[in-house]
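Please look through the sequence and the model below with this report beside them.

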Amino acid sequence: MRRLVWPAAVLVLLLALNVFFTPSFLSIQVRDGHLYGSLIDILRFGAPLILVAIGMTLVIATGGIDLSVGSVVAISGALACLQISQDAGLFTAVALALGLCLLLGAWNGFLVAGIGIQPIIATLILMVAGRGLAQLITGGQIITVNSPAYKMIGGGYWLTVPFGIVIVAVVLAVTAFLTRRLALGMLIESVGGNAEASRLAGIRSRGIIVMVYAFAALCAGVAGLMISSNVSSADGNNAGLWIELDAILAVVIGGTSLAGGRFSLAGTVLGALIIQTLTTTIYSIGVPPETTLLFKALVVAAVCLIQSPSFREKVFHRRRRAVAPAPATDEKVRVTT
Amino acid sequence: MGEAAAVLTMKGICKRFPGVTALDGVDLRLLPGEVHALMGENGAGKSTLIKVLTGVYPADAGTVELGGATVAFGGPLEAQRAGISTVYQEVNLCANLSVAENILLGREPRRRGRIDWKRMRARAAELLSRLELSLDVSAPLSSCSLAVQQMVAIARAIDVDARVLILDEPTSSLDADEVAQLFRVLRRLKEQGIAILFVSHFLDQVYEISDRMTILRNGRLVGEYPTRELSPVRLVAKMIGQELAALERLHGEHKTFDRPLVEARGVGRAGAVEPFTLTVHEGEVVGLAGLLGSGRTEVARLLFGADHASTGEITVGGTPVSLRTPRAAMNHKIAFCSENRKEDGLIPDLTVRENIILALQATRGWTRPVPREQQDELVSRYVEALKISPPNPEQLVRNLSGGNQQKVVLARWLILAPRLLILDEPTRGIDVGAKAEIQRLVAQLSDGGMAVLFISAELEEVLRLSHKVEVLRDRRLVAELPNDDRLTTDVLMETIASGGRA
């Protein structure tokens, strides 16, 4: 829990900044039977990122990484919109799209666990090829659909709550159940913490790894449906572009180590919210558009640094330590072979 | 050959790391034109001594004299410039570069700032000819055999007027012919007046090549001996450090075992251990004795399915089984506590509780979690029974001491109630109290009908616990000795040293 303190503090700080510039920032109203307000917008627009980041968290916990989720977002939206534009039912379209995503994720997992390709390379293949696949599905065009049922996924409301938020809540709850109530979380952390020891303890790490990549792709697929449904169109080129990087960032801000091992779903959600709030903040405090990315980069760098215990030690305790003891770490690092 | 002739003298070297004294007043002297073996069990301080010598670590106390002048190197590069070159066990070369590039990397002959390829190839060929090797020096290193790569590393090492050549386990990945080839090269270098420091776990090789040896034990100097005057038995005794304490055998009466549990017939793995035949009966403790690198761990890993056997057949309770994965072995109720608990045992980021139930959870699969009450009950029972301290199941296992970590790994396997428990060095690096507890536990378990395969470098311990002892030497199972009154540590050492031929 303690490691969630810093991300939470950053989020509060960002929100406070917004309140300072826009006093009505925190107010939530009901208009036309829908919840309405800046906070709701952050959740609603952040929903796809949160979904992708949840899947990414599990992948990173096994010591891997998935660069292909952005392409999977595009593929899922493209296939669903294509089906609907060809008069398929909503259920068929969604099932086909998510089924394809599961297959693609299993492919990633097979490359990593079955063949032993480094995750960053294995998923880079689908990151590049997936964009092509998405364009193949859309025929290089932007497919627009006019289906109120499909529009519901990303743009609809359920009991005044935007439906995207409901989906995120459900996926989060299911993931938390699978990993924390069932034993999946412990086995994932074990594989990520020490793969060889896990194998010798009898864990079928290959199966776990394939499952985790498939799950990440499934999450990306749902996010893809959400994004394309929100705009009622599928853009093979730009849907989900660079979302994998934001997702990785969210996971890291949330305190999960890129080296694998312990992971925190709550941390990841906080991380994704920080990123989304930051985007909102940039608009609300009037940062010039051309410096937006630079501003974002600076804030993210600051967030990452403030979370590092050794950085805090250096900055905040420098004057207290009159004589710094010489670092004795060098000696222990080198191991004979 | 007197003191004055020594090319290198180390005196009173001490090196402390936080919590351990790695070296305590060690002396070493190397004479020109000799092969000097540095002997000692794992953790005796051989590697640390080499690192102090080459400047990787600064010494806390003591002096190093090279050719009469006191020196203190800031790093391996400085040591190399002064004439001390090291070749490590794993070949530290770039397989994608050519032989010539590897030999002269960093000191390529240049002309007007550009590499003079012609001179470079000529120089490399000349260095190799000093080793009586002729190779195509422009071929990529990856096309050479491991032995040749080792020679290339040596050629690289002697390029800079080497006076001292350190070989750290140079033969561990070579076959017999390759070793012979390496030794021809070493003899040749010896004739050229180079002092060679040779580290190896293979006794035969040490006796074949070395002139004198220095023996270390637990960071202390045992002594320096001419190889001819020290018999293998006495060498082993000095390395292991025979304690003269009275041997208390935990198994008083001699039982007979007639129900074979696990039988291995002709099981072996190329490059790891020669085919062996071994039977473990129910309730029997079988000790595996042998020096480090003799194939003890390899035998254990084959019986657990951690590695695939390339030959032979294993039966459990009379039926042939295929142990292709640890999981398959676990299904036959075989458990394995590995020697290297940090790398192959614990998940440091998980808690004591999670580490203990990990194997049980693995056998159940992720969909059927062990209920929390059952976890807590199992864990608290074993934390208490094994006296794991601190007795806090939610502590991260990385924060425990070595002995307690070992108990956590033991507990993980004990809750599976295995029929065969393989313990690889379960008492290494842990304190005396924990050691005695683990030994008592092994005796108790076997009285309860569990078979135990017990691996330890400490012969007393093997004798105290085992009903029979299997002796390994140079990756071959050379003898099976019933543990009766005639079997003593001396007999065991004799067998280890002679390979069962005596």
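A:D32 counts as exposed because it has 7 C-beta neighbours inside 10 Å, where a residue is buried if 20 or more other C-beta atoms lie within 10 Å of its own, exposed if 12 or fewer, and partly exposed in between, with C-beta atoms placed from the backbone. This is a predicted model, in which local features need pLDDT of at least 70 and side-chain atom pairs count only at pLDDT 80 or more, while totals for chains, interfaces and linings use all residues. Residues are numbered from 1 along each chain as its sequence is written, and chains are lettered from A and ligands numbered from 1 in the order in which they are written.

A:D32 lies in the loop between β1 (29–31) and β2 (34–36) of chain A; helices (H or I, at least four residues) and strands (E, at least two) are DSSP runs, numbered from the N terminus. The phi of A:D32 is near 55°, a positive value in a residue other than glycine. Most residues other than glycine have a negative phi. A:T160 also has a positive phi, near 70°, and is found in the loop between β4 (157–158) and β5 (161–162) of chain A. With 13 other C-beta atoms within 10 Å, A:T160 is partly exposed.

## Helices α7 and α10 of chain A

Two packed helices are described by the angle between their axes and the distance between the axes. For helix α7 (residues 163–181) and helix α10 (residues 205–231) of chain A, the angle is about 170° and the axes are 11 Å apart; axes are lines fitted to C-alpha atoms, for helices over the stretch in contact, and angles run from 0 to 180 degrees between N-to-C directions. That makes α7(A) roughly antiparallel to α10(A), since angles under 35 degrees count as roughly parallel, over 145 as roughly antiparallel, 65 to 115 as roughly perpendicular and the rest as oblique.

The residues that meet are A:G164, A:I167 and A:V171 in α7(A) and A:C219, A:V222 and A:M226 in α10(A), two residues being in contact if their C-beta atoms, placed from the backbone, lie within 7 Å. By class, this contact has five nonpolar residues, one polar and no charged; Ala, Val, Leu, Ile, Met, Phe, Trp, Tyr, Cys and Pro count as nonpolar, Asp, Glu, Lys and Arg as charged, and the others, Gly among them, as polar.

Not counting residues up to four places away in sequence, A:V52 touches A:V69, A:C219, A:A220, A:A223, A:I243 and A:A247.

Helix α11 (residues 243–253) of chain A is mostly covered, with 10 of its 11 residues buried; among them are A:I243, A:E244, A:D246 and A:A247. The cover over these buried residues includes α1 (5–21), α2 (38–61), α3 (69–85), α12 (265–284) and α13 (292–307) of chain A. Just after α11(A), A:G255 takes a positive phi of about 95°.

Chain B is divided into domain 1 (3–240), domain 2 (243–333 + 418–502) and domain 3 (342–417), with bounds that come from an automatic or database domain assignment. The centres of domain 2 and domain 3 of chain B, taken over C-alpha atoms, are separated by 25 Å. Nine residues of domain 2 of chain B are in contact with nine residues of domain 3 of chain B, and the domain 2 side has six nonpolar, one polar and two charged residues.

B:W413 is in helix α14 (residues 402–414) of chain B and, with 22 C-beta neighbours inside 10 Å, counts as buried. Leaving aside its neighbours within four places in sequence, B:W413 is in contact with B:A335, B:C337, B:A359, B:P418 and B:L421. B:R121, in helix α4 (residues 117–130) of chain B, also counts as buried, with 20 C-beta neighbours inside 10 Å.

## The contact between the chains

The contact takes 26 residues from chain A and 32 residues from chain B. On the side of chain A that touches chain B, α8 (184–193), α9 (195–200) and α15 (329–333) of chain A each supply at least two residues, and α8(A) gives the most, with six. The residues of this side divide into 10 nonpolar, eight polar and eight charged.
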